[in-house]
Amino acid sequence: MQAESDAENATGGGAARANGTPVAPDVPAKPVAPDPAKAGPGAGAGAPVRSRRFPSITRDTARPEGSGRAVPGAVSTPARQWPMLSVLTATAVGLLATAFGHPRAGCLAIGVALIAASVMRRVLPSVGMLAVRSRFTDMITYGLLGVAITLLTLVMAAPKPWLVIPFMESAVRFTVR
C-alpha cells in the first residue's frame with residue numbers, strides 16, 4: 001500500500017482528500033523537471049506536471065447526491081433544508097386535516113406535496129435531504145405517487161366524487177369482486 005502511494009506521489013497522482021479529490025503532495029518524492037516541449041505559453045518554469053487521472057486507490061466513498069445544502073453553510077440548518085421541510089409541513093397539514101374529518105382535503109394536500117417535491121427535485125440544483133436517489137428516480141417516484149394520490153382523492157366516492165371517470169366504477173367493482 002505504502003509503495004503504491006509513494007509511486008502515485010512520484011508520478012504526480014498525489015494523495016486524496018476524504019471525498020476522493022486528488023491533492024498535491026507536500027514534498028514530491030522526486031523532483032519533476034518540466035518538459036519545455038509540453039509546457040504551454042503560460043506555464044511557469046518550475047510548475048510540476050500533474051496527472052489528471054483519478055487515483056487508483058481511493059480512500060473514501062463519494063458524498064451522496066443529497067448531502068449537499070440547498071442554501072450556503074452560513075445559514076441555519078432549517079433554512080438550508082427548506083425543500084424537505086416544506087414537503088414535510090404540507091404532508092403534516094394533510095395528515096392533520098384527515099385526522100380532523102376532512103379526508104379529501106388532507107389526501108389532496110399530501111398528493112400536491114409530493115408533486116411539489118417532484119418539481120423541486122427537477123428545478124432546484126440542490127434540495128438537501130429531499131434528494132434520496134438519482135434526480136430522475138426521485139422525480140419519477142415523487143411524481144407518480146403524487147399523481148396517484150391526487151387522482152384517487154378526486155375520484156373518491158364519499159360523498160360525491162369531484163372527478164368522474166367512466167371506467168373507474170366498473171374497474172373498482174371488478175377488483176373488489
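Guide: Start with T150, which is found in helix α5. Keep in mind that this is a predicted model.

Visitor: Why is T150 called buried?

Guide: T150 has a relative accessibility of 14%. Buried means under 20%. The value of 14% is under that cut-off, so T150 counts as buried.

Visitor: What does T150 touch, leaving aside its neighbours within four places in sequence?

Guide: T150 is in contact with L108, G111, V112 and I115.

Visitor: How do you know that D138 is buried or exposed?

Guide: D138 has a relative accessible area of 0%. The limit for buried is under 20%, so D138 is buried. D138 has its place in helix α5, residues 135-154.

Visitor: Which residues is D138 in contact with, beyond its neighbours within four places in sequence?

Guide: They are R121, L130, A131, V132, R133 and G143.

Visitor: V132 is on that list. What makes V132 exposed?

Guide: The relative accessible area of V132 is 54%. Exposed means over 50%, and 54% passes that mark, so V132 is exposed. V132 lies in the loop between α4 and α5. Not counting residues up to four places away in sequence, V132 touches D138 and Y142.

Visitor: Why is L151 called partly exposed?

Guide: L151 has 40% relative accessibility. Buried is under 20% and exposed is over 50%. The value of 40% lies in between, so L151 counts as partly exposed. The place of L151 is in helix α5.

Visitor: How far apart are the C-alpha atoms of L151 and G111?

Guide: They are separated by 8.6 Å. Along the chain, L151 and G111 are 40 residues apart.

Visitor: And V147, what makes it partly exposed?

Guide: V147 is at 41% relative accessibility. That value is between the 20% and 50% cut-offs, so V147 counts as partly exposed. V147 is found in helix α5.

Visitor: Which residues meet where α4 packs on α5?

Guide: From α4, they include R104, L108, G111, V112, I115 and R121. From α5, they include R135, D138, Y142, V147 and T150. By class, the contact of α4 with α5 has 13 nonpolar, six polar and five charged residues.

Visitor: How do you know that α3 and α4 are roughly antiparallel?

Guide: Helix α3, residues 82-99, packs with α4 at an angle of about 165°. That is over 145 degrees, so α3 and α4 are roughly antiparallel to each other. Their axes are 6 Å apart. α3 passes α4 in a left-handed crossing.

Visitor: Which residues meet in the contact of α3 with α4?

Guide: On the α3 side, they include W82, V87, A90 and L95. On the α4 side, they include P103, I110, A113, A117 and M120. This contact divides into 13 nonpolar, five polar and no charged residues.

Visitor: Which residues make up the largest nonpolar core?

Guide: Eight residues do: V87, L114, A117, M120, V127, L130, A131 and Y142. Helix α4, residues 103-123, gives the largest share of this core, three residues. In soluble globular proteins, nonpolar side chains tend to be buried together.

Visitor: What does V87 touch, leaving aside its neighbours within four places in sequence?

Guide: V87 is in contact with A113, A117, M120 and L130.

Visitor: Step back to the whole protein. How many helices and strands are there?

Guide: The protein has six helices and two strands. From the N terminus on, the elements run α-β-β-α-α-α-α-α.

Visitor: What share of the protein is buried?

Guide: Buried residues make up 23% of the 177 residues.

Visitor: And what share of contacts joins residues at least 24 apart?

Guide: The share is 53%, among contacts between residues at least 6 apart in sequence.

Definitions and conventions: Residues are numbered from 1 along each chain as its sequence is written. This is a predicted model: local features need pLDDT of at least 70, side-chain atom pairs count only at pLDDT 80 or more; totals for chains, interfaces and linings use all residues. Side-chain values use heavy atoms; hydrogens and water are left out. Helices (H or I, at least four residues) and strands (E, at least two) are DSSP runs, numbered from the N terminus. Buried means under 20% relative accessible area, exposed over 50%, partly exposed in between (1.4 Å probe, protein chains only). Contact means heavy atoms within 4.5 Å. A nonpolar core is a set of buried Ala, Val, Leu, Ile, Met, Phe, Trp, Tyr and Cys residues joined through side-chain atoms within 4.5 Å. Ala, Val, Leu, Ile, Met, Phe, Trp, Tyr, Cys and Pro count as nonpolar, Asp, Glu, Lys and Arg as charged, and the others, Gly among them, as polar. Axes are lines fitted to C-alpha atoms, for helices over the stretch in contact, and angles run from 0 to 180 degrees between N-to-C directions. Angles under 35 degrees count as roughly parallel, over 145 as roughly antiparallel, 65 to 115 as roughly perpendicular and the rest as oblique. A crossing is left-handed if the near helix is turned anticlockwise from the far one by less than a right angle, and right-handed if clockwise.
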